[in-house]
Amino acid sequence: MKVALSADKASEGRKQLIVNHMEELGHEVVDYSGDDVVAAIVRVTDAVRDGEAARGILLDSFGSLSYMVAAKQSGIVCAQVSDEHSAKMTRDHNNSTIIAMGTEVIGDTLAREIVSAFLGAEYSGGRHQIRVDMLNKLA
Amino acid sequence: MKIAIGCDHIVTDIKDEMVRYLEAQGHEVIDCGTYDFERTHYPIYGRRVAEQVVTNEAERGIVICGTGVGITTSANKVQGVRAPLVRDVTTAKMARKQLDANVIGIGGRITGLGLMQEIVDVFLSTPYVETEESKQLIASVDALASTSRGLDGDEIFDEFLEKWEAGCYVD
């Protein structure tokens with residue numbers, strides 16, 4: 001699938017690792033990174049909302065800035081994650097299409113495993129959809 | 001400090017334990033629910049905590065659900081909320097220092113109670129350190145979600161609760 005990505009300057013090395021990993025998994029990566037970190041995050045959320053990309057990955061030092069900015073975008077459910085279980089469950093229960101990860105608190109192997117878990121999981125729908133409808137009503 | 005707290009039905013016991021922990025430290029806690037284990041929906045409680053914080057009824061907010069994603073994302077969709085979702089103390093500390101985080105999200109099925117209490121201690125005690133960069137970033141974040149319905153009350157969810165009662169959301 002097509003995955004949109006943004007990374008801050010401090011996450012450049014991690015970004016390369018994640019791009020290589022996703023390409024090895026057979027995904028196409030579109031890199032929206034730029035000098036204005038917030039603008040780059042919004043370009044990723046726009047790409048996902050508009051269907052230009054199926055998923056998004058956001059990288060910065062702790063993941064918090066990327067998460068806050070993405071979560072506030074209308075029609076977007078983003079998850080700040082640092083473990084594989086959350087990455088999987090947030091697809092299953094929240095229909096998250098974007099994850100934010102902190103480069104300084106996650107190692108290389110864990111980062112790759114989180115990406116694999118996220119891209120490999122699907123949304124269950126059903127009773128979970130009322131909560132997603134409520135999120136979309138909020139913003 | 002006056003602190004608003006909210007959770008969904010998966011982690012009510014953990015939220016209740018956190019309320020006791022905060023009150024034992026002398027904090028005043030506004031418990032926004034949920035209050036039992038009956039199936040409910042995290043955006044209701046994430047929105048309530050967010051409202052308490054952005055209207056300055058509470059100084060800080062704490063939100064907990066299974067992974068933390070649902071309730072923390074609900075809070076972030078309210079303009080003025082800056083809520084990281086954390087599983088470690090350092091991320092909580094840096095979100096206070098760099099982004100003046102006013103709500104913190106934790107996954108009750110992800111993070112153990114001891115670590116959760118340490119995260120909350122650090123979240124409440126770490127001061128914001130203003131720099132030119134942090135000022136600009138916070139201004140950018142606060143400008144977002146300007147069309148949010150976050151302060152329009154619980155009623156904004158009524159249409160979905162009616163559909164839920166009518167059996168429209170089945171697994």
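Chain A holds an open sheet of 5 strands, ordered β2-β1-β3-β5-β4, with parallel pairing. The edge strands are β2 (28-31) and β4 (78-80) of chain A. From one strand to the next, the twist averages 20°. The model is predicted. Helix α3 of chain A packs against helix α3 of chain B.

- β2 and β4 of chain A each pair on one side only.
- On its paired side, β4(A) is joined to strand β5 of chain A by 3 bridges.
- Strand β5 spans residues 98-102, and β4(A) and β5(A) run parallel.
- Within this pairing, A:Q80 stands opposite A:A100 in β5(A).

**Geometry of the α3(A)–α3(B) packing**

- Angles of 65 to 115 degrees count as roughly perpendicular, so α3(A) is roughly perpendicular to α3(B).
- The crossing of these two helices, α3(A) and α3(B), is right-handed.

**Residues at the helix contact**

- From α3(A), the contact residues are A:Y67, A:M68 and A:A71.
- They meet B:V69, B:T72, B:T73 and B:N76 in α3(B).
- By class, the contact of α3(A) with α3(B) has 4 nonpolar and 3 polar residues.
- No charged residues take part in this contact between α3(A) and α3(B).

Definitions and conventions: Residues are numbered from 1 along each chain as its sequence is written. Chains are lettered from A and ligands numbered from 1 in the order in which they are written. This is a predicted model: local features need pLDDT of at least 70, side-chain atom pairs count only at pLDDT 80 or more; totals for chains, interfaces and linings use all residues. Side-chain values use heavy atoms; hydrogens and water are left out. Two strands pair if DSSP finds at least two bridges between them. Helices (H or I, at least four residues) and strands (E, at least two) are DSSP runs, numbered from the N terminus. Axes are lines fitted to C-alpha atoms, for helices over the stretch in contact, and angles run from 0 to 180 degrees between N-to-C directions. Angles under 35 degrees count as roughly parallel, over 145 as roughly antiparallel, 65 to 115 as roughly perpendicular and the rest as oblique. A crossing is left-handed if the near helix is turned anticlockwise from the far one by less than a right angle, and right-handed if clockwise. Contact means heavy atoms within 4.5 Å. Ala, Val, Leu, Ile, Met, Phe, Trp, Tyr, Cys and Pro count as nonpolar, Asp, Glu, Lys and Arg as charged, and the others, Gly among them, as polar.
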